[in-house]
Every structure is written in C-alpha cells, then in structure tokens.
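Here is a short briefing on a protein model with two chains. Look at the sequence and the fold before reading on.

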There are 2 protein chains.
Amino acid sequence: MLATLIHAPGDIRVEEVPDPVLSGSGWDAVVRVVAACVCGSDLWPYRGVTPTTKPHRMGHEFVGVVEEVGGSVARIKVGDFVIAPFYRCDMTCVNCRNGVSTSCLHGGWWGEHAQDGGFADGGQGTRVRVPDADGTLVATPEPPAPELVPHLLTLADVMGTGHHAAVSAGVGAGSTVAVVGDGAVGLCAVLAARRLGASRIVAMSRHASRQEVAREFGATEVVPERGDEGIARLKEMFDGVGPDRVLECVGTKESMDQALRSARPGGQVGFVGVPNGGPELPIPVMFGTNVGVRGGVAPVRNYIEELLPEVLDGRLRPGRVFDLELPLADAAEAYAAMDERRAIKVLLRP
Amino acid sequence: MLATLIHAPGDIRVEEVPDPVLSGSGWDAVVRVVAACVCGSDLWPYRGVTPTTKPHRMGHEFVGVVEEVGGSVARIKVGDFVIAPFYRCDMTCVNCRNGVSTSCLHGGWWGEHAQDGGFADGGQGTRVRVPDADGTLVATPEPPAPELVPHLLTLADVMGTGHHAAVSAGVGAGSTVAVVGDGAVGLCAVLAARRLGASRIVAMSRHASRQEVAREFGATEVVPERGDEGIARLKEMFDGVGPDRVLECVGTKESMDQALRSARPGGQVGFVGVPNGGPELPIPVMFGTNVGVRGGVAPVRNYIEELLPEVLDGRLRPGRVFDLELPLADAAEAYAAMDERRAIKVLLRP
C-alpha cells in the first residue's frame, strides 16, 4: 500500500510500504482510509523545528471503512465507517474513564509500534492497522453521505481540539471569548465557543480568508493586532479588563503570553497549541490576576460521541476549514501549501 | 495609638503612632481592632526574603468594632462588629462584580496611603482607618459571642484563602484531594475541601500537632513524604494516577512542582501560596497531562457572606488554627513563634 513518510525537513514522500495485517492479538482492526489530512503539528518536523533522525510515517487524522477485525473486537464491525482520533486508547482505563483518553494507560500514537506487537500505521496512507479498535474507533450509525466526510474528519482532531480549548477555558452561556490563532484549530475553537453559548467571540486574525471562516463559524468581532496592541484592543472592548475566556490555539511563547495577559482578572485560558520551545508560565502573574490556565493535548476521543450527532444532522459544519483537497500521492504539495499558508488545512484522498 | 512596624528583618516593634482620623472623603470608617493576627506572608519580610527599605506598618487581618463613619457610608454603622479582608475593595467595580475583589480597580492594601488621600493603617494595631468602608467591611448581624472572634478573624484571610484553593481546584462532591502545606491556610484548605464535599482528603504534613488539626478539619489520610516520594505515595493511593485535585498552599517552586506532578491527568491544582522566588510552570508538562492550574491572591471579601453564617452557627470552626494568643504589645514574640514554627498562627489582642 501507499503511505506518507518524512525523510528530512521539507522532504515528504509517498511510498510503497507493507500492507497492514492483523496482529493476532484479537483486539485490532484494519481500516481502509477514505480521507486523511495534514495537521499544523505535522509542520514542526517539516520545518525542522523538531528533529527527524530517520524516515518515519506521518499522519494522525483519518476516517475510513473497516476491512478486517480481530476475533475479540465487539463494538466495531467490518464495513463500519469509522472516525479515528489522533491517538490510540482503550477507553476502559482510569484515565479514559476520567475523560482524559490522551493519557490512556495502554494507548499511544500513530506511526509507531504498539503494545500488541504490531505496527500502528500513520493516517496519511491507504490503510491503517488500529490496535484497541473497540476503544479507539467510533463508528457512524450508517455510512455517511460523501459531503459529510470532511466534517467527520475534523472530529479526529481539529474540531475536538477546538472544543477542548473552549471546555478547558470554561466557556459557557454568555461568556465573552477571544481566540488566539486562526489556523484550523483556532477556527474550530470559534465554532466550539459559539456552540457552547458564548455571547461575544473575538477572532484574533490578520488574514482575510481566515477572518471570513471565523465569521461564518460565529466570530462576532475580528482583531488583527497582536502582542501588546492586541491585548490593549481586547481590554478596551471588554470593560477595560478583557474577555472572560481566552483560547490559545498556537503554542508559542508569544501566543501564550498574549493569551495570559488578555484574559480579565479571574478569567481563564484554555490552551491546545502544541507547546513549541517549552514556554513556561509566570506564576506571579497568574497569582496576581487569578487567571487560570488549563488545557493540553485534547482528549478528542471522549468528545466524538457528543459532537457526532450535530455533524451528522448538519448543525456543525467544521469541514469548512479544508480549503484544499489533494490526492494522497500529492502529500508533499499538501505540506508545502500549509507551510506557506496557502491553505488553512489540506484534505488527502487515498 | 499603638501599631506594629517592621524596621528590618527580625526587628518587629510595637510603637506609638498617630490616631487615625476620617479623611473627609465621606466613604471611610475608623475601626477599633478587637483581634488581629500574624500571617505566613508576614514572615517574608521578617526573614528578609523580601526587602525592608524603611520601617512600615504590618498586619492585614483584623476584626473590630466601628467607631466612626464618613457621611456617605451607608451599609456600615457605628457599633457594628466588622470583618476586614486582607485588602481594600469597593465591591462595585467590574472586577469586584466578577468575584475578583482582589483586583478591585480602586482597591489596595493595608499599611499604605489610599486613593482618598488618607492612610490605611495596618491591621496589627489599636485602630484602623478603612477607606471604602461599605465595600471593604462586612458586619455581623449582631455582636458575636467572644468565643466566636477567632473563627470570624479567619474570614479575613486564611479560611477564605483555603476556600479559594479548593474552589480554584474545582473541589466538589466526591472529589479526591491532596493538600500541600500544613500552615494555617493549608489546614483551612482541608476544612474547605470537606465543606465542599470531598470524599478523601490527604494532608501532606510531617508535624504531629498540625496533623491533629488536619484530622479534626476533615483530613481522611496524612502523608508525611514530600517531593518524589510524596508524589509516589499519592499515585499509589489513588488508582495509580493521583488525586483529582491538589491544593497548593505554600508558594515555593518545590511545593508547586509537587502539586503539579501529584494531580491525576485531567486534574487541577488550586494554588494560593504567595509565590516566593517567582517559580514558573512548565507548559509541556501541563500540556501532556491536562492538569490545570488556577488560583492566586484569594478574593476573600467575595467569600465572607457565604462562609459567615456557618461560622456564626458553629458549623465551621476554623479558629482552631490559632494555637497561641498574645497581647499586641508582644507582636515581636508572635512573629518569632511563627518563624520558629512553635505556633501555627498567633492571634493578637490590642
């Protein structure tokens, strides 16, 4: 089958790799990928921000159709259309039951060897072997209409991650919200904040095409300024003190600093940007303002059941973040388009 | 009148100072202090951890009886028994209305010149001029019985601060909780966690007398180990992953690190220890575990109305943290007793 590998920064190749086979553990499945995509975090190795010491598989967001299941798999069936979160989990351990399946005691990532002795393929390929299929995968009640596929694919990561930013920040009915970051996750965070009842949502964005999606998703205002100027604008807009909730969807020291200093006293920052460069939070600032910080790697598997019905009935249309669609063979161009910000997010069709 | 001043590290003196007089603003009051106390944070200048450049007034926790009020004061009346929080606030600005009166736009501290042109005396003295009396002070419905005074005095700081740790950590019915710090605030945090319905409360303490108070306040278990050993004990006690909520009531880098690494994935740290040495929080750790951090300088004024009825009817008896009572004239000995950990907290009677 075909799979996407990174060989070095900027060097993305789609290559022939061995077909996945069931491990014999009984708990896995093989999924034929219907759609996959490129994540903002895939750009870290692409840009050389994180090192690539040897070629490895890429991709952690995919939806597809189940082709085979192990003998112990009970919930997932051959022929099911399934959504895979960007990680693997069993949904039975204490952390999964606590709603934090990203900390599953028996879970892991895509594109690595799994605890059952087999390989868990990357998502940007033709097929994926899925360990712990009953825990990891969520099947739709029936095969979805083709136009729903991009929306369903966002439940693998960006929509669930935007939702996690909003939930972590404590967004609720009437909240005032600012969203730092206008990538796919930031835009989904706008949508999630609207869904949770925010009364005002400010998208921090300076790109016309992204501002447009933000407004479609429910942003009531757009602020192009950043840093101190952006903070000053937000304070001015919200009673001189800032919005209740700030959703940090970038992951740099600058974006976290901006988020922390934008929230009103007693407010909260929900953060989901993958930390880049290991920024630290100044406790004295948090102590003085009582601004809380909560978030992290989003347990999107725990959110799929909540969000799925609204995607299926058309109330939630997060797939709008895909503004470019390419065949899997053109994965290198997909990375380049996102790296150069020519596309918000690229969908790949095997 | 008499007031307590610090002249240099270790040099606490009770001296004659000018009697307070109303400023003429109309919004202030003069309170005769019935009881005051020494705070753990008073030990920072006493120990030279924070510098003392010139002699200044001390004390920010007091209860007393109103002797005079300005012409515009409406809620507070001469003769009222009042509780003063450890800071001044108007309770009308946007931050006060948002529940964060410690960020009052017109507030300030004790022992400094206030916005109305007058001086706001320190609490460790005979009398205190209170700016914004209607905002800052809370009167009891009637003069309290003398035995209630120590309990009421804790609402000025330590009980409200312990409550803030529990609220900030999200303690609710059934929560499992660990409390880092066995000072007066940590002990009050145990009491607050019990009041909020925690099912298990671990006091991290290695002092027999403090362990005893912790158990009286509702601790179900005591763990004397600290650092990595303490974290390992907590993980072992709670499903291998740690308690839901950790209340950080110390303020050092070590205590915050212990708190952050003790909470289970998806848990939350509520912190109220005054940051000593400006520790920073590692975002990558928080990102990986989804442990939130929330807290800060406790808006105890916003909590007094909620806690006061339970103190008045005897359900809450936080005054148990006072294990030494001295006349105001012996303030220097009060500081020494707390510094040497001979006393948990010292009550001063003018």
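Strand β16 (residues 280-282) of chain A is joined to β16(B) by 3 bridges, and the two strands run antiparallel. Strands count as paired if DSSP finds at least two bridges between them. This is a predicted model: local features need pLDDT of at least 70, side-chain atom pairs count only at pLDDT 80 or more, and totals for chains, interfaces and linings use all residues. Residues are numbered from 1 along each chain as its sequence is written, while chains are lettered from A and ligands numbered from 1 in the order in which they are written.

**Where the chains meet**
- Leu281(A) has Leu281(B) as its bridge partner in β16(B).
- The contact takes 34 residues from chain B and 34 residues from chain A. Two residues are in contact if their C-beta atoms, placed from the backbone, lie within 7 Å.
- On chain B, α2 (94-97), β16 (280-282), α10 (283-289) and β17 (292-295) each supply at least two residues of the side that touches chain A. Helices (H or I, at least four residues) and strands (E, at least two) are DSSP runs, numbered from the N terminus.
- The largest share of that side, 6 residues, comes from α10(B).
- By class, this side of chain B has 15 nonpolar, 15 polar and 4 charged residues. Ala, Val, Leu, Ile, Met, Phe, Trp, Tyr, Cys and Pro count as nonpolar, Asp, Glu, Lys and Arg as charged, and the others, Gly among them, as polar.

**Symmetry**
- A rotation of 180 degrees, with 0.0 Å of shift along its axis, superposes chain B on chain A (RMSD 0.0 Å). That is the relation of a two-fold axis.
- Of the residues of chain B, Leu281(B) comes closest to the rotation axis, at 2.4 Å (C-alpha).
- Both copies use the same surface: 100% of the contact residues of chain B recur in chain A.

**Domains of chain A**
- The domain assignment, automatic or from a database, gives domain 1 (2-157 + 299-349) and domain 2 (158-295).
- Their centres, taken over C-alpha atoms, are separated by 27 Å.
- The contact takes 18 residues from domain 1 of chain A and 18 residues from domain 2 of chain A.
- Helix α11 (residues 300-312) of chain A gives the largest share of the domain 1 side, 4 residues.

Conventions. Copies are superposed by least squares on the C-alpha atoms of residues with pLDDT of at least 70 in both.
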